[in-house]
Amino acid sequence: MSEISFLGWAITILAFVLTFLAWRNGRWIKESVNRIDRTVDGMNNSTNATRDLIKEEMAASRSLLEKIEQGQQRMAERHENMLKYLGDLIVADGERTRQLMRELRSS
């Protein structure tokens, strides 16, 4: 076998080895990309679920704050009504006291 023939066979074998390694490397890269895609999809799903949960909690918080505000308004109205009632009661009691004092003076 001549040196040229040997070199041709060596190059051919080396080409087959390199082709096989490139093919395996391509499969490995494809599997890695698929794994990365699945991981990114999982992260996106988790992010979307977290975003939805935050929106729900914000809506619940707004609702709770509105209820608290309504309760405070009702309490302020009741407080105002109670003060008016107490004022009317004090005025009425003052009138009764004056009436009683008039009666005591006239007797």
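Reply: Start with a definition. Helices (H or I, at least four residues) and strands (E, at least two) are DSSP runs, numbered from the N terminus. Two notes on the source come next. This is a predicted model, where local features need pLDDT of at least 70, side-chain atom pairs count only at pLDDT 80 or more, and totals for chains, interfaces and linings use all residues. Residues are numbered from 1 along each chain as its sequence is written, and side-chain values use heavy atoms, with hydrogens and water left out.

Now the pair. Phenylalanine 20 and tryptophan 23 both sit in helix α1, which covers residues 3-106. They are three residues apart, about one turn of the helix. Rings of Phe, Tyr and Trp (its six-membered ring) pair if their centres lie within 6.5 Å; planes under 30 degrees apart count as stacked, over 60 as edge-to-face and the rest as tilted. The ring centres of phenylalanine 20 and tryptophan 23 are 5.8 Å apart and the planes stand at 35°, so the pair is tilted.

Phenylalanine 20 has 43% relative accessibility, so it is partly exposed. Tryptophan 23 is partly exposed too, at 47%.

Next, the surroundings. Both residues belong to a nonpolar surface patch, together with Trp9, Ile13, Leu14, Val17, Leu18 and Leu21. Like charges are joined within 9 Å, and nonpolar side chains (Val, Leu, Ile, Met, Phe, Trp, Tyr) within 5 Å. Together the patch has about 840 Å² of accessible area, by the Shrake-Rupley method with a 1.4 Å probe, where only the protein chains shown count as cover for residues. Tryptophan 9 lies in helix α1 as well. Its relative accessible area is 52%, so tryptophan 9 is exposed.

Finally, the whole protein. It has one helix and zero strands. Its C-alpha atoms fill a box of roughly 155 × 15 × 10 Å, taken along the principal axes. Of the 107 residues, 2% count as buried. The accessible surface comes to about 10,100 Å², and 62% of that belongs to carbon and sulfur atoms.

Terms used:
Buried < 20%, exposed > 50% of the residue type's maximum accessible area, 1.4 Å probe, protein only. Patch = residues over 30% accessible without salt bridge, like charges linked within 9 Å, V, L, I, M, F, W, Y side chains within 5 Å. Salt bridge = Lys/Arg side-chain N within 4 Å of Asp/Glu carboxyl O.
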